[in-house]
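Hi everyone, thanks for coming. I'd like to walk you through a structure that may be new to you, so please have a look at the screen.

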Amino acid sequence: MKVVSLHKNYKSLISKAIKGDDKAQHQMFELFAPKMLSICRQYVKNNVLAEEVMLSGFLKVFTHLDSFKSEGSFEGWIRRIMVNESISQLRKEKKLQFKEEEISENSLNLVAYIETEIEVNEIQKMIDQLPEGYKTVFVLYVVEGYKHSEISEMLGISEGTSKSQLFKARKMLQKSINKENGISYGTH
Amino acid sequence: MEPIKFEDHIREQLQEREIQPSKDAWKKLNLQSNKSVLPLKRKYGYAIAASIVGLLIVSSLLFVNQDFDQDKTTIVNENKTQIKEPKEEIIPVSKIEKVVVAEEKETKTKISENQIKDKTTKPKIVKNTIIATTDNKIIASENSQEPSIIASVETTNKTIKSPEELLIDLKINEVVAEINLLQKENNSVTVDEIEELLIKAQSEIHSKNLFVNNSKKVDATALLETVETELETSFREKVFDALGERFKKVRTAVLERDQ
């Protein structure tokens, strides 16, 4: 019941925002900005730049609000816009470079375990240390849940490259975790 | 404590995370949107409204221009007719003046020859008054302090007649003059002679009226009228009015013959 009422609220909010209602747009911004800024921050190295990306993402949200079809999740729709905007920003900075590397299929099944929880800020720091290509594929795959086929389309790379980027990212993260915490390895 | 899957832990932590944007983030967004997109709908609205207004202005201008052109053509036509009118008269100005003088004599108006001379010596005053208005009352009130000018204006106003009327007046005077001449020469004038003079004058009037507005196009109605060669009683009556009491018998004879 709660979900349904929330969805209804979005509907009225969206229709008002489409009509250019300032209050509705502000309300929408307040509602989604913190989460969206967090998403942008996953790809972009600092909060200031992440906010700029988020703002340009919101511009697109409000501009194309009437093209949103109520079939899917509204939040998911905004997330997708933010992710695309972040990738565009990295492309502008020419930071997205991918090397074709062959990897064995077994290495993809490598799973890392940790003994104690890691603070989100620590996680972010570890992610920030990854090269842009590794980081982007890792976040898209692990956090956003995209498949390699989808990632390859989004970034304009092959699936193999996407997989190898993920593998490299995992290896680097494991190393950095290993330094700070006890880490164990296993397979799926 | 069970080991935690590292990637699941990262996912949970990052998905739950929220970062508060800076305080002026919304203002920045508004500024950006003003420059580019946010009230895009409104911008489109303004653009559409502006284009509609533009279209209306352009169409109204075109419409006004068309009207103006039409007005122009009518003005031109009017001018043409105005120019033609004096041509049609073939301005027998001297004759008209004679007619005026004759009229003045016959109707025994108090306008003296000196006053008519005044008219000629002060042509500007007369012309200006005529152009200003043709209403005698207005002229009289405007020029109440100058009786000589009023008189000349009134006489001039009397001469402002249609070309047809002027022609008829001219013919009446011609016929009257000829009848008077015949009477002087022969001491008497027969009904046939008067009838002949009337028919001749009437046919001349008709032949001149054949040409409408000097356009060299024959008016079918006027042509029919000449074929009939029937004199209008009004014309005849005017001639006999001009002849006076001397030709009372002839008048009744001619009118009885017509009936």
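Let me start with a question: what percentage of the residues in chain B is buried? Buried residues make up 14% of the 259 residues in chain B. Please keep in mind throughout that this is a predicted model.

For chain A, the corresponding figure is 36% of 188 residues.

Now the overall layout. Chain A has 8 helices and 2 strands. Going from the N terminus, its elements come in the order α-α-α-α-β-α-α-α-α-β. Chain B has 13 helices and 1 strand, and its pattern along the sequence is β-α-α-α-α-α-α-α-α-α-α-α-α-α.

In chain B, among contacts between residues at least 6 apart, 67% join residues at least 24 apart.

A:Ala17 sits in helix 1 of chain A, which covers residues 2-18. Is A:Ala17 buried or exposed? A:Ala17 is buried, because 22 other C-beta atoms lie within 10 Å, and the cut-off for buried is 20 or more. Setting aside neighbours within four places in sequence, A:Ala17 is in contact with A:Ala24, A:Gln25, A:Met28, A:Phe62 and A:Leu65. There is also a distance to look at here: A:Ala17 and A:Thr63 are 46 residues apart along the chain, and their C-alpha atoms are separated by 9.9 Å.

Next, some helix pairs. Two packed helices are described by the angle between their axes and the distance between the axes. On the helix 3 side, the contact is made by A:Val53, A:Met54, A:Ser56, A:Gly57, A:Lys60 and A:Val61. Helix 4 of chain A brings A:Ile78, A:Ile81, A:Met82, A:Glu85, A:Ser86 and A:Gln89. By class, that contact has 6 nonpolar, 4 polar and 2 charged residues.

The second pair is helix 6 (residues 132-143) and helix 7 (residues 148-155) of chain A. Their axes come within 10 Å and cross at roughly 135 degrees, so helix 6 and helix 7 of chain A are oblique to each other. This crossing, too, is right-handed. Which residues of helix 6 and helix 7 of chain A make the contact? From helix 6 of chain A we have A:Thr136, A:Val137, A:Leu140 and A:Tyr141, and from helix 7 of chain A we have A:Ile151, A:Met154 and A:Leu155. The classes here are 6 nonpolar, 1 polar and no charged residues.

Now let's turn to helix 5 of chain A, residues 120-128. Its buried residues are A:Ile123, A:Met126 and A:Ile127. Seen down the axis of helix 5 of chain A, these fall within an arc of 100 degrees, so they line one face of the helix. The face turned away from that buried side carries the exposed residues A:Asn121 and A:Lys125.

A:Lys175 and A:Met126 are 49 residues apart in sequence, and 10.0 Å apart in space from C-alpha to C-alpha. A:Lys175 counts as exposed, because it has 12 C-beta neighbours inside 10 Å.

Finally, over to chain B. In helix 1 of chain B, residues 6-16, B:Phe6, B:Ile10 and B:Leu14 are buried. Viewed down the axis of helix 1 of chain B, its buried residues fall within an arc of 55 degrees, so they line one face of the helix. The face turned away from the buried side of helix 1 of chain B carries the exposed residues B:Asp8 and B:Glu16.

And where do the two chains meet? In all, 31 residues of chain B are in contact with 32 residues of chain A. On the chain B side, the elements giving two or more residues are strand 1 (4-5), helix 1, helix 2 (25-35) and helix 3 (40-89). Helix 1 of chain B gives the largest share, 8 residues. By class, the side of chain B that touches chain A has 15 nonpolar, 8 polar and 8 charged residues.

Definitions and conventions. Residues numbered from 1 in each chain as written. Chains lettered and ligands numbered in written order. Predicted model: local features only at pLDDT ≥ 70, side-chain atom pairs only at ≥ 80, totals over all residues. Helix = DSSP H or I, 4+ residues; strand = E, 2+ residues; numbered from the N terminus. Arc of directions from axis to C-beta. Contact = placed C-beta atoms within 7 Å. Nonpolar A, V, L, I, M, F, W, Y, C, P; charged D, E, K, R; others polar. Axes fitted to C-alpha atoms, helices over the stretch in contact; angles between N-to-C directions. Parallel < 35°, antiparallel > 145°, perpendicular 65-115°, else oblique. Left-handed = near helix turned anticlockwise from the far one by under 90°.
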